[in-house]
Amino acid sequence: MKLIKYIIKRLLWGTLVLLFVSFFSFLVIQLPPGDFLSSYIARLEKSGMAVDNQSMVALRHSYGLDQPFIVQYGKWFYRFVRGDMGVSFLYTKKVESVIVERLPATLLLSFTSLLVIYLVSIPVGIYSARRQYSVGDFLASLLGFMGMAIPGFLLALILMWIAYQGFGISIGGLQSPQFMDQPMSMAKAIDFMKHLPVPIIVITVAGTAALIRTMRATLLDELGKQYVTTARAKGLKESTLIHKYPVRAAMNPIISSGGWLLPELFSGETIAAIVLGLPTIGPLLYRALLGEDMYLAAGCIMILSILTIIGLLISDIVLAITDPRIRLG
Amino acid sequence: MKTPTFFRGFRKPKNSEPNKFNALHSASQWALIWAKFKDHKLAIVGLYILVIFYACILFSPIITPYDAWEDSKYIYAPPSKIRIFHQGKLSRPFVYKQDIILNTETFERTFKPDKSKPYPVRFFVKGAEYRWLGLVKGNIHLFGVDPQTSINLMGTDVLGRDCFSRNISGLQISLTVGLLGVFIAFILGSVIGGIAGYYGGIIDNIVQRLVEFISCIPTIPMWMALSAVIPQDWGNLKVYFAITVILALRSWTGLSRQVRSKLLQLREEEYIVAAKVCGTSGWKIITTHLLPGFMSYLIVSLTLEIPKMILGETTLSFLGLGLRAPTVSLGVLLQDAQNLAAISAYPWLLISALLVVIAVLAFNFVGDGIRDAADPYKN
């Protein structure tokens, strides 16, 4: 019962955050001088297309551009909730259809990256804590420092170069050009798998580095505690001992780290995708911002934030299940 | 070098235990922090690197042999080789003149050293005019060669501009963005976090929610969105400040969180209660009694925040959303290295990236060192 109450509380909270984010996204549309429609008209005129004055006035009215900010925001939000995110001038398509096209790749990459981060950082963190100051621990720390210091785009460039030089994998994207329009097949799947490692490494490196450090630090704290000595004294097998008690206690900060890991993940994903040319939402946002396609930009920020918030909710709920102090506190 | 007075008594008596004991007990907090910081080898290395970098920034027009915006005929010249053997004989360091050979079919430029005449590297030579710190006029450069040839320690770029000069100038922008940004974040974070932590209750709740809101938006997309709306017609200086403010808008949240939790903890201490009983004003309690109590923690998070900002600026500029040419920052320089063709043909363009990595590592090491030293009473 308490758990359900907690979940409902978090859901309400998530909705509130979403409102705030939507306000921020809308602010981004509004910030450039002049409204987006006048820049659209200017672009149309530049390309030599006739601008129908009447339809522009109609458009202006339907988007509420002749009304105060807060009304415009209300209209935009109302449309958004109903799944109408406006029109992308760059793609001359509805924003939602442009985004939906790229959603699967975004989700796939993010989810795989999250999995990789946990699968790598937990065992390495345990190893580092158990063999403190060993060669392996040193290497892990080194990797951690490098992961924090190398900018994502640089790593992407370097790995792309290595992949191209060393393994002859075509540069960028998630599949080779010859498979673009083909139906799913074994060859296509293998080709896809070959393209996956470079983006995954770029996205995960910073998060993995941070999580290894967290895992190592918390586990080291736990290992010094008396219950560990007690367990050893009563002759428990070392591996059972480690995995049954201290590791479990050290897991909670790892689960709650999902909170900051997800925004970080989408950040990394954005950079990697822009440099590597992946079909995800990040480059879409980039192109929208460069081309002042503001509805598309706002839509992208909203979607990325919604994904983050959903992820946060999940990590909160998982934490509430594993750690009774949170759902009862 | 003379030992600063404040820990002179602390270092000297190494062999006599009782004295050391006394010195340890009478040493000030900062002396203890410094002593512990010095044990952290990597932090000391980091500190040296940063001192060198910032010295380069301070004296950049003197250290650099050329103007960072000056074109030359040496387009995409590889880094100059400094030689010491001319025709088998040892001589002072010199460079050979580079002959440019243009392949008329591929239009590829290759450089061939003309080994007949050495051009010695001279020190304190006259060169391009500059204004040091915008005030002192000068034309003396630390090193250079005769104007018939050129010395490019890090090669040249697409317009034949000297990459060494450009990188040093780039450091100037890239490393100060972090400092200025952290300064803004520090003020925002400590004021807002301080108010939240000191007053607690509803104010605290509102601030906490605001911080959570902001942390829910992925950093890079948020930075990208904000910097994309910087008007195109803004001058270099304005864009520079706008970027630092944008970077700071994200960083203050973490800082305010730390200030708040530390304040909540300190608030319950008896000396604060005593001050309250004496009728000291809230502002005065925060600034004179509470802030010094966790200054070291603030400094730790500040040092660890600087490298994030440096990376942020570099990334934004690399993507063309941050600083723009003619401003030279390391990120702007890396725009030239955006594709694989450029990187494999002109690998020296990546030296800018190397500088970023070194600076960020140095800041992280120093931050780590300060973190370990921040609480000298722990052990």
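The model is predicted, so local features need pLDDT of at least 70, side-chain atom pairs count only at pLDDT 80 or more, and totals for chains, interfaces and linings use all residues. Residues are numbered from 1 along each chain as its sequence is written, while chains are lettered from A and ligands numbered from 1 in the order in which they are written. Chain B carries 15 helices and five strands; helices (H or I, at least four residues) and strands (E, at least two) are DSSP runs, numbered from the N terminus.

**Chain B overall**
- The C-alpha trace of chain B spans about 85 × 60 × 40 Å along its principal axes.
- Of the 379 residues in chain B, 39% are buried; buried is 20 or more other C-beta atoms within 10 Å of a residue's own, exposed is 12 or fewer, and partly exposed is in between, with C-beta atoms placed from the backbone.
- Take the contacts in chain B with a separation of 6 or more: 70% of them come from residues 24 or more positions apart. Contact here is C-beta atoms, placed from the backbone, within 7 Å.

**Strands of chain B**
- S1, S2 and S3 of chain B form an open sheet in the order S1-S2-S3, with antiparallel pairing; two strands pair if DSSP finds at least two bridges between them.
- S1 (83–86) and S3 (109–120) of chain B are the edge strands with a single partner each, so one side of each has no neighbour in the sheet.
- On average, neighbouring strands of this sheet are turned by 60 degrees against each other, direction ignored.
- S1(B) is joined to S2 (residues 89–102) of chain B by three bridges, and B:Arg83 sits opposite B:Phe94 in S2(B).
- S4 (residues 122–132) and S5 (residues 136–144) of chain B run antiparallel and share seven bridges; B:Val125 has B:His141 in S5(B) as its bridge partner.
- The hairpin of S4(B) and S5(B) has three residues between the strands, and B:Leu133 takes a positive phi near 60 degrees there.

**Helices**
- H7 (residues 201–216) of chain B has 16 residues and reaches 23 Å from first C-alpha to last, close to the 22 Å expected at 1.5 Å a residue; the expected span is 1.5 Å times one less than the number of residues.
- The buried residues of H7(B) are B:Val207, B:Val211 and B:Cys216.
- In chain A, the axes of H1 (residues 2–30) and H4 (residues 69–81) come within 10 Å and cross at roughly 120 degrees; axes are lines fitted to C-alpha atoms, for helices over the stretch in contact, and angles run from 0 to 180 degrees between N-to-C directions.
- H1(A) brings A:Ser22, A:Phe23, A:Phe26 and A:Gln30 to this contact, and H4(A) brings A:Phe69, A:Tyr73, A:Trp76, A:Phe77 and A:Phe80.
- Those residues split into seven nonpolar, two polar and no charged; Ala, Val, Leu, Ile, Met, Phe, Trp, Tyr, Cys and Pro count as nonpolar, Asp, Glu, Lys and Arg as charged, and the others, Gly among them, as polar.

**Where A meets B**
- 37 residues of chain A touch 29 residues of chain B.
- H1, H6, H7 (152–167), H13 (258–276), H14 (281–290) and H15 (294–322) of chain A each give two or more residues to the side facing chain B.
- That side of chain A has 33 nonpolar, four polar and no charged residues.

**Positive phi in chain A**
- A:Thr92 is not a glycine, yet has a positive phi of about 40 degrees; A:Thr92 lies in the loop between S1 (87–88) and S2 (93–94) of chain A.
- A:Thr92 counts as exposed because it has 8 C-beta neighbours inside 10 Å.

Notes. Two residues are in contact if their C-beta atoms, placed from the backbone, lie within 7 Å.
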